[in-house]
Amino acid sequence: MKNNKTKILIAAAEITPIAKVGGLGDVIGALPRALKKLNLDARVIIPFYGLIEKNKYQLKLIKNNIKVQTKIAAELIGLWQTTLPGSEVPVYLIEHNFFKGQNIYSSQFSGVSELYPSDLIDIEKFVFFSRAILESIKALNFKPDVIHLNDWHTAAVTLFLKTLYKKDPGLKKIKTLYTIHNLANQGITDPQVIKLNKINPNLASILEDQKDKNINFMVQGILNSSLINTVSPTYAREILTKEYGAGLENILALRNQELYGILNGLDTDFFNPATDKFIKQGYSPKTPEKKMANKLYLQQKLGLPQNKNTALVGLVSRFVWQKGLELITEKFVRAIHEFPLPCQFVFLGTGEKRYETALVKLAKKYPNKFNVQIKFDEKLAHEIYAGSDIFLVPSLFEPCGLTPMIAMRYGSVPLVRSTGGLKDTVNNQVGFTFKKFNSNELGKTLEKALDIFCHQPKIWRQLQLNGMKQDFSWGKSARQYLKLYKKLLNKK
Ligand code: ADP
């Protein structure tokens with residue numbers, strides 16, 4: 001039977017729950033389900049990392065020995081297939097030695113520092129992945145109308161389509177959407193990569209990019225894709241400014257008219273306090289009082305004093321410079337301890353050593369106030385959403401920010417710095433915001449929140465309920481993506 005549906009192949013480095021580091025995985029794990037509901041033929045392609053459990057996800061080898069020509073020789077890849085758990089979305093996984101390692105990113109985490117935000121050692125791996133995506137399409141009986149690319153890891157697809165595969169009859173008509181999930185991670189490397197991959201060095205985007213003597217895969221994605229979007233309307237505007245443009249504001253300005261902002265949704269089945277298997281006690285907007293059992297349980301589990309009237313302040317995050325962890329100074333915690341303010345903190349995350357070390361030190365010094373868990377732990381993350389009263393997101397910048405949305409769904413009131421996607425999701429009907437990036441502002445806002453928490457329980461309950469009743473489902477965002485895909489199909 002002929003398949004007349006619009007065919008979308010989503011290519012990315014992560015997908016929840018199969019291989020997740022952060023928000024990128026959550027988006028890729030949820031968007032295609034929502035697209036299916038809009039009657040699109042949506043599929044996903046990712047690398048087959050060593051950490052992926054073959055049996056757990058019932059992976060099947062569907063093609064073997066697909067040739068991918070690289071700089072030196074013809075490499076062979078295997079193509080595996082599964083479906084996204086709980087859906088009918090096909091997921092393809094590309095098998096090659098490049099991806100055998102136990103980490104998704106070879107660098108410890110994505111976004112190494114302010115100065116070198118890209119992951120140099122990952123470049124070769126993801127450029128190969130990009131090339132392998134196109135060879136996989138040729139080997140499959142599935143010709144997408146659109147390849148939806150996500151962040152620099154898959155940006156080289158646009159470059160290959162404009163050069164090596166320009167005349168390929170099976171590929172030349174394919175349109176690309178390039179989604180920027182985080183402009184800070186750019187995939188910067190030596191220009192040699194162009195020669196090594198036999199890409200035409202006179203391509204306009206290469207000439208533009210090489211002005212600073214580097215090749216930047218984020219730049220290539222921006223300049224060569226058919227359309228671009230990012231993950232919130234505010235961030236889409238912010239990245240055109242020097243403050244948030246991460247050095248690419250002028251490049252983005254070249255495509256200003258083709259840059260869209262679509263707020264991410266949430267997988268509202270995975271993040272649902274009524275059915276969540278990870279948490280102690282289920283609850284809903286009809287039974288918010290049941291949330292308390294989760295707080296008492298979490299306090300006990302973490303070894304914090306068990307007290308209903310002490311506000312539990314949660315944070316779940318990658319510990320990287322973007323997330324505003326430097327606002328949580330020794331002075332800040334000491335002031336809260338000595339004042340004292342009726343709150344306790346629990347922070348869950350992994351990332352840069354400098355943050356891990358500083359936070360662990362605070363936890364040792366103030367064990368009754370401050371608890372830190374250095375790990376990636378999906379269950380504990382859900383327990384924190386369910387058990388906390390206040391959820392902290394003090395980011396320096398934030399493309400979308402899924403955590404405050406999840407927190408609201410679990411009746412934890414967000415306290416965020418007003419930036420990027422956080423501006424689009426948190427207002428004074430559902431939470432607390434501050435503007436200036438400093439500990440003082442954060443402290444004052446926390447005091448305000450605690451005052452309402454302690455003295456105005458009705459208003460507090462209303463804030464919780466307003467948050468819990470927000471519609472964060474993917475339906476609305478998926479319809480906006482559908483519009484962009486349609487625009488692409490009508491593009492020459
Ligand atoms: P980012 O995309 O920058 O990582 P988001 O707020 O958009 O930030 O998404 C973060 C996602 O990763 C959320 O689902 C959050 O719960 C999850 N997460 C982050 N760190 C951890 C951790 N240490 N353990 C479990 N989940 C985590």
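Which residues lie nearest the centre of the second largest pocket? I found Ala-30, Arg-33, Lys-37, Asp-267 and Asp-269, among 26 lining residues. The model is predicted, so I kept its limits in view: local features need pLDDT of at least 70, side-chain atom pairs count only at pLDDT 80 or more, and totals for chains, interfaces and linings use all residues. Residues are numbered from 1 along each chain as its sequence is written, and side-chain values use heavy atoms, without hydrogens and water.

**Pocket**

I noted a volume of about 510 Å³ for the second largest pocket. A pocket here is an open set of points on a 1 Å grid over the protein atoms alone, where a 1.4 Å probe fits, with protein on both sides within 12 Å along at least five of seven lines; lining residues have an atom within 4 Å of a point. The volume is the space filled by probe spheres set on the points. H1 gives the largest share of the lining, seven residues. H1 and helix H17 (474-489) each supply at least two.

**Ligand**

I then turned to the ligand. Of the 21 residues around the ligand, Asp-26, Arg-318, Lys-323, Lys-375 and Tyr-385 come nearest; "around" means a heavy atom within 4 Å. A polar side-chain atom of Asp-26 is at 2.6 Å. A side-chain N or O atom of Tyr-385 is at 2.7 Å. A polar backbone atom of Gly-23 is at 2.9 Å. Helix H12 (378-387) supplies the largest share of the shell, three residues.

Key. Polar contact = N/O pair within 3.5 Å; in protein donor to acceptor, adjacent residues only side chain to side chain. Helix = DSSP H or I, 4+ residues; strand = E, 2+ residues; numbered from the N terminus.
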